[in-house]
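Thanks for coming, everyone. Please look at the structure on the screen, and we will walk through it together.

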Amino acid sequence: MSYYVVATSLIGLVGDYLFDDRKQQDRVSTSRLAEELAPLYLSAQTQTLQERLEAAATELGARLMVLDMSGKVQADSQSELNGSRMELPEVASILSEGKTEDYGVHQTESRSAALDVLGLFRPFDQGVEWVAYSTAGLVQNGQTIGVLLLTSPMQGTMERLFTLQDKMILYFLIAAGVAMVIALVFSRVITRPIVSLTRSIQRMGRGDLSVRVPVKGSGELRRLSETFNTMSEKLEMLDKSRNQFVSNASHELKTPLATMKILLESIIYQPDMDAGMRTEFLTDINKEIDRLNLIISDLLTLVSMDSKTMRLNRTTFSLAQVVTDTAHRLALVMEKRHQELKLQLNDRCDMYADCAKLTQVVYNLMENASKYTQEGGVIRVRLIRSGRDAILTVSDNGPGIPKEDQSHIFDRFYRVDKARSRETGGTGLGLSIVHQMVLMHGGTVTVDSEEGNGATFTVELPIHQG
């Protein structure tokens, strides 16, 4: 539609230019000649008037006529219409409406009807004659005494205008067709990724979280595809983690229950069991109950952190003092394993944070180091202050953590050595709790280890002054 508007506007501008130029020339010539002929017409110098009309007509390439106040031709440059009445609106406007000059373009009757194709193409009809009428009043002493009529052919001008119109409409149709083809091609190119993305979203809505979309092109569509794939990958990982968590939690809860069931059935079906063995069985049952309580407490802690219901109870305390108190609590366990604990506390690191939660962080890391370090091993705990951060490192010289396991070390229920972990009584949730509690404080926790050369856990915590 815009192409059509431009085409018609351009045709109109060219047409206006052609007509305005011709109109200005004819009107100037008619007015100038009317001033010259008025005295001749008033004094009835018929021969001189006729000669001047013929000369001017030859000069202008037009036909000139002098009309009286009734519209009758008194002089004609071609001497054909003398005595005829010219009923033209351009003549009437001079005689009746008091105008001094007027101009109009008219066509004669067509000998063959013009062709109209779909209302667009109107080829130039050679059977139609186009003429322009320019009139000016013959004025003497302020009174109009007649009319000078200039008739000039417009055939060439109209033919050029119609030809231009036909070409512009043809160009419009070609441009519109090309634009439609290009639009269809670009539409398919642009909408194809969107259609693919829509289908992928629909598949995801049906539960298929493994769906990905091809990343092509550049700009917003590429970023949209990359963002969708990232979101899809995270959702898939989250779903797998959830399923794995449920599976691991079920397994961890089932193991103590199975052990207790076996022990209880042994006591039930052996009424004459030795008192010492009965006591041992009951002691094992009690330990399994404690193990269940520990797992459930850790699970509740993680669920509380996941649901964002856990809040930090901030107070001002010394992180160095927390490390010292934790070392004292674990001293007896380490002595039994003949392990050496080395503390290096370079700063008090007074913090405004949740003391209970950071105490659990320190305890879990130091207890983990003791559990997974052989007897006679060395555990090093170092606390320094770096700018506005407190940096706590817990290192051991145990078996270390394989590279392929380090990225999962903070996953829930993940164990590098599952059999050994159960022997030590771990739940597989300690490092997950450490990770979550450090994140709650706006810190980070990382692990650096080489298999056979021990492991180092580093916690960086911002020091907030209360």
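Over which residues does pLDDT stay under 50, with 23 contacts beyond four places in sequence? That stretch is residues 110-122. pLDDT is the predictor's confidence in each residue, from 0 to 100. Contact means heavy atoms within 4.5 Å.

Some ground rules. This is a predicted model: local features need pLDDT of at least 70, side-chain atom pairs count only at pLDDT 80 or more, and totals for chains, interfaces and linings use all residues. Residues are numbered from 1 along each chain as its sequence is written, and side-chain values use heavy atoms, with hydrogens and water left out.

Confidence, then. The chain has a mean pLDDT of 80. In it, 82% of residues reach 70 or more. Strand 10, residues 389-396, has the highest confidence, at 94. Helix 10, residues 418-424, has the lowest, at a mean of 48. Residues 419-425 also stay under 50, and the model has 15 contacts for them beyond four places in sequence. Where pLDDT is low, the predicted coordinates should not be read in detail.

Now the overall layout. The chain has 11 helices and 12 strands. Those are DSSP runs, numbered from the N terminus: helices are H or I, at least four residues, and strands are E, at least two. Of the 466 residues, 38% count as buried. Buried means under 20% relative accessible area, exposed over 50%, and partly exposed in between, with a 1.4 Å probe and protein chains only. Take contacts with a separation of 6 or more: residues 24 or more positions apart account for 65% of them.

Strand 11 and strand 12 run antiparallel, joined by 6 bridges. Two strands pair if DSSP finds at least two bridges between them. Val447 has Phe457 in strand 12 as its bridge partner.

Next, Gln339. It sits in the loop between helix 7 and strand 7. Is Gln339 buried or exposed? Gln339 counts as buried because its relative accessibility is 9%. A polar atom of its side chain lies 2.9 Å from the backbone oxygen of Thr373. Gln339 also touches residues including Met334, Ser370 and Ile379, leaving out those up to four places away in sequence.

Cysteines, briefly. A search of the whole structure finds 0 disulfides, a disulfide being a pair of cysteine sulfur atoms within 2.5 Å. Cys349 is buried, at 0% relative accessible area. Cys355 is partly exposed, at 26%.

Last stop, helix 11, residues 430-440. Its buried residues include Leu431, Ile433 and Val434. Gly442 follows helix 11, with a positive phi near 80 degrees.

Terms used
A polar contact is a pair of N or O atoms within 3.5 Å; within protein, one must be able to donate a hydrogen and the other to accept it, and residues adjacent in sequence count only if both atoms are side-chain atoms.
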